[in-house]
Amino acid sequence: MARMATNRRVAISTVGAWLAGFLIFFPILWMVLTSFKTELEAFAIPPSFLFFHWTTENYATVQERSDYIHHALNSIIIAGGSTLIALLIAIPAAWSMAFSPTKRTKDVLLWMLSTKMMPPVGVLVPIYLIWRDFGLLDSLTGLVIILCLGNLPIVIWMLFTYFKEIPKDILEAARMDGATIGRELIYVLTPMAIPGLASTLLLNLILAWNEAFWTLNLSTLNAAPLTVFIASYSSPEGLFWAKLSAASTLAIAPILVLGWFSQRQLVRGLTFGAVK
Amino acid sequence: MKNVLGALLGAAALLSSAPSLAETTLTIATVNNGDMIRMQGLTSEFTAKNPDIVVKWVTLEENVLRQRVTTDIATKGGQFDVLTIGTYEVPIWAKKNWLVPLDNLGADYDVADLLPKIRDAVSVSGKLYAAPFYGESSMTMYRTDLFQKAGLTMPDKPTWDFVISAAKKLTDKEAGVYGICLRGKAGWGENMALLTAMANSYGARWFDEKWEPQFDKPEWKKTLATYVDLMKEAGPPGASSNGFNENLALFNAGKCAMWIDATVAASFVTNPKDSRVADKVGFALAPNTGLGKNANWLWAWNLAIPAGSKKVEAAEKFIAWATSKDYTKLVASKEGWANVPPGTRTSLYENPNYLKVAPFAKPTLASIDAADPNKPTVQPVPYVGVQYAAIPEFQGIGTAVGQQFSAALSGSTSVDAALAAAQSSTEREMKRAGYIK
């Protein structure tokens with residue numbers, strides 16, 4: 001009897017989880033479906049779900065009009081580069097804050113977070129002028145720097161939370177065995193924090209991949225990533241939903257695949273510490 | 001030996017860089033509208049005639065483009081050589097000396113052929129600061145079949161009274177047909193384009209001669225109350241989130257008996273590939289109230305050169321090509337006369353080939369002629385612009401007022417409260433900007 005009740009509860013929660021998952025995934029599914037419709041069908045009222053004339057003409061148009069590979073490569077370099085540099089800076093910073101805190105550590109952490117509360121448009125003109133003077137406009141270096149700076153507070157905060165979960169005693173034991181700070185960081189701390197590091201890396205990769213404000217404003221042609229590629233398919237006068245959906249599907253495809261393959265690390269990292 | 005090798009390498013480097021030294025690369029920023037995409041497709045025709053010029057395109061959504069090019073031109077970033085800008089920006093930027101006057105477009109450019117109203121809109125003190133690529137006004141598009149069935153005849157110059165009564169008569173909510181579709185989405189270029197033009201026809205104005213906001217005057221109340229009542233009774237549900245594209249989709253799906261919007265819509269609604277009602281559409285001027293102004297706007301997308309550009313000569317060559325009479329002929333030969341960029345040249349509206357395939361040509365021209373950016377309202381105003389006031393502050397002010405009016409349409413605020421909020425927010429901004437004390 002008790003077993004039946006448990007089974008029923010499991011079934012209900014499974015159905016509930018699938019339903020919630022489907023609801024969250026639905027906008028992406030709708031976008032993919034729209035990318036295979038004609039412009040007229042994309043706007044059809046009532047909308048057709050599966051029974052429409054499937055076409056790949058939007059993908060052909062997008063391929064013909066834009067250089068997808070160029071934009072995708074730029075996105076990979078900008079997102080990957082900015083995340084890796086941010087991690088290189090954040091690991092020692094988070095280590096010092098987690099294991100050698102001073103009385104100002106909390107203030108520093110809060111100050112870092114406060115920089116994320118300012119709307120980026122507030123500093124657009126000064127940043128634009130500095131980038132212009134240093135020749136960084138429309139350059140991959142310029143975008144890697146700005147995205148690295150923008151995401152650094154989140155990276156440090158995430159790593160700080162993960163590092164705090166690691167018992168201090170283990171690091172002290174390593175020190176007693178004669179480990180230097182560098183060795184302690186590389187051989188003791190990092191392997192223990194791998195799930196946390198992986199989820200931080202993935203989350204920031206996604207944030208940098210989707211970042212649209214700076215990438216749109218500081219790039220023109222050479223450094224333009226996929227956000228610029230998508231922005232070129234929206235129009236205030238004319239039907240564009242199907243083509244925009246095709247461009248968006250192409251733009252999210254790489255990060256979707258990456259997320260799919262690394263979901264185990266992502267989930268483990270995000271719940272790291274919760275089961276301790 | 002080392003010296004010889006160095007000299008050889010140097011010579012090779014010089015030789016390999018020689019062709020690129022002669023080349024000029026033009027970076028052109030533009031919007032994703034059909035006519036611009038067509039222009040991009042025809043770039044090779046230009047570069048074939050100008051082999052020393054390489055053209056690169058940056059296509060962006062209108063609002064993104066506006067922010068992007070404004071930042072670049074204000075900071076002299078030098079990222080673009082040719083800009084696509086609207087009639088709103090041209091006078092403001094020309095007065096700030098941000099644009100190069102277009103004096104050298106060539107002897108055969110024929111400036112006199114540009115439509116006078118459009119030419120005025122892109123000139124400051126008689127000097128052309130941008131070349132119009134395509135122009136538009138707004139007009140009334142209506143379903144001839146529904147009008148016939150209801151025994152109604154659309155006049156060439158309808159009044160608001162006629163439009164309102166026809167909209168109510170033609171509304172059949174059960175069948176999903178609404179008497180009228182109008183913009184409701186908030187934004188200075190969205191609902192405020194329509195409402196400012198509509199207000200002009202009701203005798204209202206944004207500012208008096210001393211830049212005092214006028215939303216507390218009866219003309220604005222009449223405009224907004226009429227709009228909200230009409231849309232509640234004869235408009236589609238959720239109209240407060242409808243812009244051009246949403247109404248285009250509704251009209252093309254046969255859900256609207258009338259639609260007052262940009263003249264460029266005419267080619268979309270009469271295209272059988274995009275529209276289910278392509279052969280059942282008629283055109284008339286935007287409505288009036290007998291005060292001498294129709295509720296129609298004036299807009300053009302133009303090509304301009306940012307001041308400080310180092311490639312002015314090449315940029316002028318490109319602009320002269322893209323906005324010339326020959327370009328129109330080129331598009332006609334490749335894609336047909338129905339697809340040429342409209343609303344910029346008088347000669348196009350005298351061309352029988354164009355008139356034959358574009359039933360909307362005459363009402364479009366009449367609408368453009370009926371708008372006067374220098375005298376947009378019944379009463380005098382200190383600003384230039386029909387559906388906007390060409391001052392830098394207008395984008396912010398217009399969008400804030402648009403949000404209030406959109407809220408009045410959705411029912412989350414009343415007409416009176418929306419007008420009061422519009423008055424106070426505009427007053428505050430105009431004081432802050434130093435127009436009034």
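**Exercises on a predicted two-chain model**

**Exercise 1. Determine how many residues of chain A are in contact with residues of chain B, and which helices of chain A supply that side.**

Solution. In this predicted model, counting residue pairs whose C-beta atoms lie within 7 Å, one finds that 26 residues of chain A are in contact with 25 residues of chain B. The next step is to assign the chain A side to its elements: α2 (39-42), α6 (124-133) and α11 (213-218) each supply at least two residues, and α6(A) gives the most, with five residues.

**Exercise 2. Describe the secondary structure of chain A and the extent of its C-alpha trace.**

Solution. Turning to dimensions, the C-alpha trace spans about 75 × 70 × 30 Å along its principal axes. Of the 276 residues of chain A, 34% count as buried, and among contacts between residues at least 6 apart in sequence, 78% join residues at least 24 apart.

**Exercise 3. Compare the span of helix α10 of chain A with the expected value, and list the buried residues of α10(A).**

Solution. Helix α10 covers residues 194-210, which is 17 residues, and reaches 24 Å from its first C-alpha to its last, close to the 24 Å expected at 1.5 Å a residue. Applying the burial criterion of 20 or more other C-beta atoms within 10 Å, the buried residues of α10(A) are A:Gly196, A:Leu197, A:Ser199, A:Thr200, A:Leu201, A:Leu202, A:Asn204, A:Leu205, A:Ala208 and A:Trp209.

Definitions and conventions
Residues numbered from 1 in each chain as written. Chains lettered and ligands numbered in written order. Predicted model: local features only at pLDDT ≥ 70, side-chain atom pairs only at ≥ 80, totals over all residues. Helix = DSSP H or I, 4+ residues; strand = E, 2+ residues; numbered from the N terminus. Expected span 1.5 Å × (residues − 1). Buried ≥ 20, exposed ≤ 12 C-beta atoms within 10 Å, placed from the backbone. Contact = placed C-beta atoms within 7 Å.
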